[in-house]
Amino acid sequence: MYFPQYRPRRLRQKENLRRMVRETYLQVDDLIFPLFVQPGQGVKEPISSMPGNYRFSIDELVKEVKDVQQLGIPAIILFGIPEKKDEVGSEAYAKDGIIQRAIKAIKDTVPDIIVITDVCLCEYTSHGHCGVIKNGKVDNDATLALLAKEAVSHAEAGADMVAPSDMMDGRVKAIREALDQAGFNHIPIMSYAVKYASAFYGPFREAAESAPQFGDRRSYQMDPPNAREAVREAELDVAEGADIIMVKPALPYLDIIYRVRKAVNRPIAAYNVSGEFAMLKAAIANGWLEEKRVVLEALTSIKRAGADLILTYFAKDVARWLSE
Ligand code: PBG
């Protein structure tokens with residue numbers, strides 16, 4: 001049936017009608033809020049390129065997490081800025097490292113919130129790469145043991161889930177085996193399975209002080225033009241034991257989310273990264289875009305593409321808007 005018998009506008013006339021045929025919903029349950037933690041006391045340092053986001057010392061972080069919990073957001077993901085960095089990122093797997101202490105403090109005061117940890121070396125290495133360096137290159141296999149150690153130390157500190165973001169080959173398997181051996185077979189892995197070498201991570205690297213000191217990440221993160229490779233990466237991580245598959249970034253990669261959704265039967269997470277956040281915030285600050293509408297539209301598009309979960313710096317605002 002075609003026009004004039006069929007008229008799609010019939011079902012768009014009133015809000016209640018539109019509600020009845022709406023296909024996609026954004027819910028507070030979908031949200032994961034990223035948080036940065038650094039040493040010190042009473043620190044709540046604004047991140048200039050990410051308005052409304054801060055680097056917290058542990059005492060301030062705990063207050064923020066209480067807020068997040070009160071807004072009904074089910075989970076946070078933690079990134080650490082250590083006291084000191086070295087060649088092998090020792091602070092990443094130190095018993096009293098910044099993340100390990102932060103997890104304990106959160107679990108002591110806000111035990112129900114799901115604490116996810118980013119498992120990577122770049123914030124902890126002096127060279128800023130996500131793995132150890134041998135002969136001027138990021139050495140894949142030598143990095144695996146360190147990542148596994150880091151994941152186990154997060155679990156020991158009380159993390160509910162670990163999220164490897166380094167893009168070394170075989171790291172999900174190495175982490176799964178290490179967790180299981182250490183008595184943590186109940187801890188899920190959310191793998192940054194499909195992570196592109198993206199220019200949209202700029203503000204994050206400033207916030208986490210994790211920019212590589214030489215070269216770039218293109219020898220381990222994916223080449224942005226590739227889509228079929230994304231499906232291979234996702235399938236590999238499922239085979240290695242990943243429980244949730246992440247695609248990152250989100251908005252410039254909606255086609256990738258859609259493909260991965262079709263290819264793998266696991267929950268899909270998408271990371272609405274720092275550059276995507278900064279881009280919208282800048283336009284909003286200029287009065288060029290209307291904040292609530294544009295943010296809800298952008299995040300809904302990520303769900304429409306096929307994501308179940310969204311990591312986003314907008315999580316607190318969205319939680320407020322959805323409960324209005
Ligand atoms: C690496 C990591 C990065 C982000 C999350 N984990 C940066 C990178 O790969 O350089 C970026 C997140 C964002 O831009 O919001 N540990």
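The backbone oxygen of Asp-139 lies 2.6 Å from a polar atom of the side chain of Thr-143, a polar contact in the sense of a pair of N or O atoms within 3.5 Å, where, within protein, one must be able to donate a hydrogen and the other to accept it, and where residues adjacent in sequence count only if both atoms are side-chain atoms. The structure is a predicted model, in which local features need pLDDT of at least 70 and side-chain atom pairs count only at pLDDT 80 or more, while totals for chains, interfaces and linings use all residues. Residues are numbered from 1 along each chain as its sequence is written, and side-chain values use heavy atoms, with hydrogens and water left out.

- Thr-143 is found in helix H4, residues 140-157, where helices (H or I, at least four residues) and strands (E, at least two) are DSSP runs numbered from the N terminus.
- Thr-143 is buried, because its relative accessible area is 0%; buried means under 20% relative accessible area, exposed means over 50%, and partly exposed lies in between (1.4 Å probe, protein chains only).
- Not counting residues up to four places away in sequence, Thr-143 touches Leu-121, Cys-130, Gly-131, Val-132 and Met-168, contact being heavy atoms within 4.5 Å.
- Ser-210, in the loop between helix H6 (202-208) and helix H7 (228-240), counts as buried at 1% relative accessibility.

**The nonpolar core**

- The largest nonpolar core has 112 residues, of which Phe-36, Ile-76, Leu-78, Met-190 and Val-194 touch the most other members; such a core is a set of buried Ala, Val, Leu, Ile, Met, Phe, Trp, Tyr and Cys residues joined through side-chain atoms within 4.5 Å.
- The largest share of this core, eight residues, comes from H4.

**Helices and their packing**

- Helix H3 (residues 98-109) packs with H4 at an angle of about 25°, and their axes are 8 Å apart; axes are lines fitted to C-alpha atoms, for helices over the stretch in contact, and angles run from 0 to 180 degrees between N-to-C directions.
- H3 and H4 are therefore roughly parallel to each other, since angles under 35 degrees count as roughly parallel, over 145 as roughly antiparallel, 65 to 115 as roughly perpendicular and the rest as oblique.
- Where these two helices meet, Ile-99, Gln-100, Ile-103 and Lys-104 in H3 are in contact with Ser-153, His-154 and Ala-157 in H4.
- Helix H5 (residues 171-181) has buried residues that include Arg-171, Val-172 and Ala-174, and what covers the buried residues of H5 includes H4, H7 and strand E5 (114-119).
- In helix H11 (residues 315-322), the buried residues are Ala-315, Lys-316, Val-318, Ala-319 and Trp-321, and they pack against strand E1 (31-37), helix H2 (58-70), helix H10 (291-305) and strand E12 (309-312).

**Backbone details**

- The peptide bond from Phe-3 to Pro-4 is cis, with omega near 10°, and Pro-4 is found in the segment before helix H1 (15-20).
- A cis peptide bond also joins Lys-248 and Pro-249, with omega about -10°.
- Met-167 has a positive phi near 70°, in a residue other than glycine, and Met-167 is buried at a relative accessible area of 5%.
- Glu-209 likewise has a positive phi, near 50°, but Glu-209 counts as partly exposed, at 41% relative accessibility.
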